[in-house]
Each structure stands twice: as C-alpha cells, then as structure tokens.
Amino acid sequence: MNSLSRKHFLRLALAVAAVAAAGSAPNVFAAEDVVEITVAHPYGKIFRPIHQKIIKEFNKIHPNVKVRLETPFPDYEELTQRTLAGIAQGNAPVLSFQGINQIRQYIEMGAAYDLSEFVKNDPRWKDGSGYYPTMMKLGNFNGKQYAVPFAISTPIVYFNETLLKKAGIDTSKGFETWPALIEAAKKVQALGPEYSGLFYDYQATGNWMW
C-alpha cells in the first residue's frame, strides 16, 4: 500500500471530481495502485457519520483509495495542536477539517495546498454550485483557494426590544451592520450601571467568530 501525499491526494480527488463533468481526467495513479490517506476532524458525534457516508460514496468510484479516519478531536483547538505537531513530525493528516480562524497559519508555513486550478477548471464550482462566493472567500488568501467551506455556523443576535426602545433606538429594521449594533449597545449601557449593552459568547471553540 502506498502512502499518499497531500498534494497527490488533492490532485486525485479533485481531478476525479472533474471526470464526471468532463468525461476524462489525468492519470495520477495507475488503476492497480492502492493508496491510503488520513482524514482528521473534530466533533465526532456531529461529523463522524457525515464523513463515513462521504467515504462510502467516494469508495464506490475509487475502491483503490483507502481513507482512514483518525479518532475525532473534542474541538478545533486540539485538532490544530495535532496538525501542527504532525507537520513538524512528518505525519500530519492529508485532509484536515479546520476552523476557519486556523487556516492562515498553515498557508504561511507552506503546509496548505493551493486548490485554485481545480476550482477554476471544474464547471461545478461555478455560480449555482451551492458554494456561495462569500463563503469561498473564507478559504481564499492572496487570490488562491486553500480551503473549501464544509460546515459554517451562523451566529444569531438576540436583542431586548423593550430596553432598546427605552434607549431611544428604532428596532423596526433590526441591525444591518456591526457598527450600528455596537452604537445601540453603547446607548443602552449609558442608561445606567445596572444595564449591560452587549453580551458576546466567546466560549464556542475559541475565537472563530472574529
């Protein structure tokens, strides 16, 4: 069984994705080659079944690629520690489902692979593919696509309408920008020391919302 580098796997997996659309793809490996890749991810209870299903479907098309799921990590921070240690030791996972706030460091240390050519050449990556341009930008650095959104959480803002009206704020249209929200919070805070203008949950796996 051959070990598969990050570069070769991404060329294989994403070139194959183009096969269904274009009908042909470069032969990265001979048909009889058996290769193995490792995949690391956090939150096993949430994501493990999804990854197992994806791997099952992938192997129907590529039975010669063995995908080994590492034991899931409790959160993105521990996954980051494992990945950084693996890079230093030469045994980092081939694919890693990282928090978006961790991506830049891998790019700066030369441990991320540029996916731009695959995104550009596969017609299913165009508009209408389900990947919104704004989401794709989360993994785009200096014009190159290094990461693809997989699971994006959506922050929700709750506000006390009664308290905001007491501070003289019109809540009929909500808040369209962060500056508008922060300004409203300041006005609430100014009502007196017994009021809190803004509470921000910082405990959801570190600082990803920043």
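A: Let's start with Tyr-43, which counts as partly exposed at 24% relative accessibility. Bear in mind that this is a predicted model.

Q: Where does Tyr-43 sit in the chain?
A: Tyr-43 is in the loop between β2 (35-40) and α2. Its phi is near 50°, a positive value in a residue other than glycine.

Q: What about Asn-142, what is its phi near?
A: Asn-142 has a phi near 55°, again positive in a residue other than glycine. You'll find Asn-142 in the loop between β5 (140-141) and β6.

Q: And is Asn-142 buried or exposed?
A: Asn-142 counts as exposed, with a relative accessibility of 81%.

Q: Which residues of α2 are buried?
A: Those are Gly-44, Phe-47, Arg-48, His-51, Ile-55 and Phe-58. They cover an arc of only 110° around the axis, which puts them on the same side of α2.

Q: Nice. Which exposed residues does the face turned away from the buried side carry?
A: On that face of α2 you have Lys-45, Ile-46, Lys-53, Lys-56 and Lys-60, which are exposed.

Q: Switching topic: is Thr-83 buried or exposed?
A: Thr-83 counts as buried because its relative accessibility is 6%, and the cut-off for buried is under 20%. Thr-83 belongs to helix α3 (residues 76-89).

Q: Which residues is Thr-83 in contact with, leaving aside its neighbours within four places in sequence?
A: Thr-83 is in contact with Ala-92, Pro-93, Ser-96, Gln-98 and Tyr-106.

Q: Which residues form a nonpolar patch on the surface?
A: Val-157, Phe-159, Trp-178 and Ile-182 do, with about 390 Å² of accessible area together. Val-157 is in the loop between β6 (144-145) and α7 (161-166), and Val-157 is partly exposed, with a relative accessible area of 46%.

Q: Last one, the big picture. How many helices and strands are there?
A: The protein chain has eight helices and six strands. From the N terminus, the order is β-α-β-α-β-α-β-α-α-α-β-β-α-α.

Q: And how much of the chain is buried?
A: Of the 210 residues in the protein chain, 32% are buried. The accessible surface comes to about 13800 Å², with 55% of that belonging to carbon and sulfur atoms.

Definitions and conventions. Residues are numbered from 1 along each chain as its sequence is written. This is a predicted model: local features need pLDDT of at least 70, side-chain atom pairs count only at pLDDT 80 or more; totals for chains, interfaces and linings use all residues. Side-chain values use heavy atoms; hydrogens and water are left out. Helices (H or I, at least four residues) and strands (E, at least two) are DSSP runs, numbered from the N terminus. Buried means under 20% relative accessible area, exposed over 50%, partly exposed in between (1.4 Å probe, protein chains only). Accessible areas come from the Shrake-Rupley method with a 1.4 Å probe; for residues, only the protein chains shown count as cover. Patches are made of residues with over 30% relative accessible area and no salt bridge: like charges are joined within 9 Å, nonpolar side chains (Val, Leu, Ile, Met, Phe, Trp, Tyr) within 5 Å. A salt bridge is a side-chain nitrogen of Lys or Arg within 4 Å of a carboxyl oxygen of Asp or Glu. Contact means heavy atoms within 4.5 Å. The arc is that of the directions from the helix axis to the C-beta atoms.
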